[in-house]
Amino acid sequence: MQKRNALADLKIVEYANFISGAFCAKLMADLGAEVIKIEPPGIGDQARRSEPFFKDVPDSDGSGLFLYLNMNKYGITLDLKNALGTKIFHQLIKGADILIENWPPSVAKKLGIDYKTLSKINPRLIVTSITPFGQNGPYRDYKATELISFHTGGIGSRTPGGVTDPLKEPPLKAGGHQAEFMAGLAGATATMFAVFARAASGKGQHVDVSVQEAVASTTFGDIANWTYERKVTPRTTEFGMVGGGGLIPAKDGYVTVLGNQDYQWNALVELMGNPAWAKEERFSSFISRIERWSELKPLIMQWTTQHSKEEIYKACQAKRVPCYAVNRIDEVVQSEQLAFRGFFQEIEHPKVGRLRYPTTPYKFSATPPQIRKRAPLLGEDNAEILVKLGYSKEDLIKIREAGAI
Amino acid sequence: MTLPLDGIRVADFSWVLAGPLCTKYLATMGAEVIKIESFDRPDYYRNRQPFADGIPGMNRAGSFNTINFSKKDCTLNLKHPKAVALTKEIIEISDVVVENFAGGVMERLGLDYESLKKIKPDIIMMSSSGLGKEGPGKDFVAYGTTLHAFTGLTGLTGYEDGEPRGIGGTWVDPVTGTIEAFAIMAALHHRSKTGEGQLIDLSMAEVQISLMPEAVMDYIMNGRVQKPRANQDDWMAPHACYPCKGEDKWVAIAVANDEEWEALCKAIGKPELVNDARFADSLSRWKNQKELDPIIAQWTQNYTHYEAAAILQRAGVAAGPSLDPSEVAQDPHLLKRGYIVTLDHPEVGVRQYAGIPWKISGVPKPYLKHAPLIGEHNEYVFHELLGLPTEEVKQLMEAGAIR
């Protein structure tokens with residue numbers, strides 16, 4: 001059967017800023033959906049102004065974040081504060097299956113892009129709204145950025161773990177924009193459920209995603225710790241609810257090992273040369289090893305500090321011990337496993353040239369994800385999209401002069 | 001009342017976290033998820049703390065009961081040939097198979113994709129693993145938290161000394177569970193248009209790296225190896241967690257422009273800071289944040305983290321309490337949102353759980369039911385669904401196949 005794209009029949013309009021909406025749309029674009037990304041004229045999406053920049057030059061087509069997030073999409077500009085811009089937007093909405101937006105609820109209402117308004121224009125439209133705290137509730141109009149979202153979702157208090165001096169070591173956000181990306185992913189998953197809900201009822205849907213809740217969904221185990229045993233894991237604990245987080249120094253960096261099954265522990269002990277201390281009662285169970293981690297870690301270090309993290313990692317995995325090197329980002333990009341999988345692929349771009357990008361984390365046997373186009377220049381597809389809507393090339397000039405695109 | 005996945009059945013071989021979280025999301029949207037485990041080899045989380053009221057038991061585990069609610073459960077000892085035959089009968093009436101075994105397990109059982117296609121040609125199979133099903137790392141053992149290290153997330157999370165610290169909780173696993181559900185839905189969508197199923201080979205490590213393009217592209221474009229830098233931002237300041245009243249309580253504050261800076265100065269009773277040359281513009285604020293942070297901490301320490309956040313939000317500044325999970329479970333906003341769900345479980349009674357991170361207007365009542373007891377639906381699956389006479393089910397139990 002001819003290979004095709006799983007979501008090729010879906011028409012998506014993305015009117016969102018920065019990461020969460022863009023990543024939601026990217027997940028669907030990478031599987032074949034047609035995505036038209038709308039940016040404000042002139043200034044463009046915030047991601048165009050975000051690090052890292054190609055050769056550290058802050059050009060609006062040089063942001064690695066923007067280039068990654070917006071491949072496989074058409075790019076147009078629209079000013080929705082302009083009546084003509086709004087009219088064009090409504091024309092796009094009429095022909096769309098899905099709108100992805102991430103404006104604060106009050107802003108969406110003011111712009112007339114709220115679900116109630118748009119469903120009158122297209123009763124079958126699915127609107128996916130991704131906001132920091134959702135469409136209702138006491139924090140509905142709270143402002144947030146990645147930092148606030150990561151912490152109000154509860155995982156900040158579990159980052160890093162193994163804190164020795166809580167006053168000097170505040171709870172952290174993880175590197176990058178994990179909350180924003182996770183919210184975009186939650187949006188994509190929920191949007192697909194909405195597509196099926198619409199197929200059953202024939203009616204459009206409003207999908208309401210809260211970044212806080214997307215983050216909170218990762219802290220379910222610690223939430224259960226409270227609701228089942230009224231316990232809170234202190235930040236000083238190196239091992240959390242799943243026995244993770246323990247970093248052990250090697251000769252040239254760190255490794256992490258999680259030997260919670262006894263056969264894994266026994267294999268590790270064998271690799272370490274069967275030291276006498278490993279047979280002691282105090283280390284005989286997973287629970288006791290966690291409880292006595294401060295005693296156990298320096299003993300394990302006697303072995304690990306003699307070897308490189310690569311050596312330890314490969315020796316452990318050969319014996320089925322769950323161990324990984326703590327990789328720097330260069331080691332990640334150079335990983336032979338990722339190279340074998342073809343995870344990074346090159347794309348040509350008129351401004352930054354040929355660069356490698358991470359691609360998709362899955363392989364579909366019948367509908368393999370493809371890179372069909374690079375990220376758009378600002379307003380690059382205005383002509384194509386507007387002509388499709390019925391505007392002439394002369395109209396386009398006047399639309400631009402009026403500032404609507 | 002219709003649910004989006006009414007009529008869809010999932011044969012769920014997955015265990016631990018990512019796979020089961022995926023199938024939980026499918027179950028809440030109406031799919032009939034048949035979880036397959038065994039008394040000899042119960043799911044990992046059945047024997048992990050927390051236990052209800054501290055009393056251990058396979059049906060009393062809080063993480064298990066959160067990850068696996070809304071599912072049905074049957075027990076099959078896959079070492080028994082009759083059990084494997086029964087799994088094939090379940091797959092024959094299923095639409096989706098989900099598995100996250102170590103490499104080679106499904107092949108050894110005769111349950112690899114090519115074999116399953118012969119049983120059900122349009123079957124959708126989700127096969128997830130730490131590093132993918134091919135390559136030098138294809139057989140590596142992975143728990144999500146260890147993949148934080150492999151993917152570089154650990155190395156990018158830490159304090160200003162640059163040492164890798166990482167996340168102390170789970171992150172990669174629940175992210176993976178969510179994207180697995182997305183991928184399965186995409187495959188179901190394709191099947192609804194074409195009748196064609198397929199195999200999805202998903203790598204947890206690649207999922208996490210997909211969430212980290214900033215560091216990846218900085219290396220690819222500029223050869224730079226990024227280091228951790230605590231709570232600091234690329235350009236915003238103040239941008240940190242500040243200590244509050246109480247033990248180990250913090251408020252997160254992020255100021256994005258001059259207007260918000262002015263509002264913050266007024267809100268903390270220091271309007272004179274607006275004209276302080278050290279902080280008068282965003283670049284100066286960013287460069288001088290080491291001097292700025294203690295000034296703000298002097299204010300925050302007089303308030304609880306909720307109070308400090310509320311005062312600043314009223315002034316138009318982005319701020320939020322850094323919540324510990326017990327606070328998440330009791331957060332007034334999350335309770336109002338209905339994010340925390342209450343389920344009545346036959347052994348542990350009425351408890352609260354982390355719920356579903358989305359609302360869909362056409363699905364006002366997702367399917368929410370307590371996590372299954374181990375083997376709870378053996379009668380249903382083997383007698384009702386597969387049509388085996390009760391006597392035969394009993395024999396299979398005695399023979400150790402259903403166990």
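Mentor: We take the labels in turn and set each value against its cut-off. Keep in mind that this is a predicted model.

Trainee: Why is Pro249(A) called buried?

Mentor: Pro249(A) has a relative accessibility of 19%. Buried means under 20%. So Pro249(A) counts as buried.

Trainee: Where does Pro249(A) lie, and which residues is Pro249(A) in contact with, leaving aside its neighbours within four places in sequence?

Mentor: Pro249(A) lies in strand S7 of chain A, residues 247–250. Its contacts beyond those neighbours are Tyr254(A), Lys297(A), Met301(A), Thr304(A) and Thr305(A). For a distance along the fold, take His307(A), 58 residues apart from Pro249(A) along the chain. Their C-alpha atoms are separated by 9.7 Å.

Trainee: Now the interface. What makes Arg337(B) and Asp208(A) a salt bridge?

Mentor: The N to O distance between their side chains is 2.7 Å. The rule asks for a side-chain nitrogen of Lys or Arg within 4 Å of a carboxyl oxygen of Asp or Glu. The pair therefore meets the definition. Across the interface of chain A and chain B, the rule finds 10 salt bridges. It also finds 63 residue pairs in polar contact there, both partners at pLDDT 80 or more.

Trainee: Which helix gives the most to the side of chain A that touches chain B?

Mentor: Helix H7 of chain A, residues 178–201, with 15 residues. By class, that side of chain A divides into 81 nonpolar, 46 polar and 22 charged residues.

Trainee: How do you know that strand S12 of chain A and strand S6 of chain B pair?

Mentor: Count the bridges. There are 3 between S12 (residues 362–364) of chain A and S6 (residues 198–203) of chain B. Pairing needs at least two, so these strands pair. They run antiparallel. Lys363(A) stands opposite Asp201(B) in S6(B).

Trainee: What area do chain A and chain B bury between them?

Mentor: About 13,200 Å², with 64% of it on carbon and sulfur atoms. Phe193(A), Phe220(A) and Tyr228(A) supply 7% of the area that chain A buries against chain B, more than any other three residues. The contact takes 149 residues from chain A and 153 residues from chain B.

Trainee: And how many of the residues of chain B count as buried?

Mentor: 65% of its 403 residues. Chain B has 17 helices and 12 strands. Among its contacts with a separation of 6 or more, 67% come from residues 24 or more positions apart.

Terms used. Residues numbered from 1 in each chain as written. Chains lettered and ligands numbered in written order. Predicted model: local features only at pLDDT ≥ 70, side-chain atom pairs only at ≥ 80, totals over all residues. Heavy atoms only, no water. Contact = heavy atoms within 4.5 Å. Buried area = accessible area lost by both parts, 1.4 Å probe. Polar contact = N/O pair within 3.5 Å; in protein donor to acceptor, adjacent residues only side chain to side chain. Helix = DSSP H or I, 4+ residues; strand = E, 2+ residues; numbered from the N terminus. Nonpolar A, V, L, I, M, F, W, Y, C, P; charged D, E, K, R; others polar. Buried < 20%, exposed > 50% of the residue type's maximum accessible area, 1.4 Å probe, protein only.
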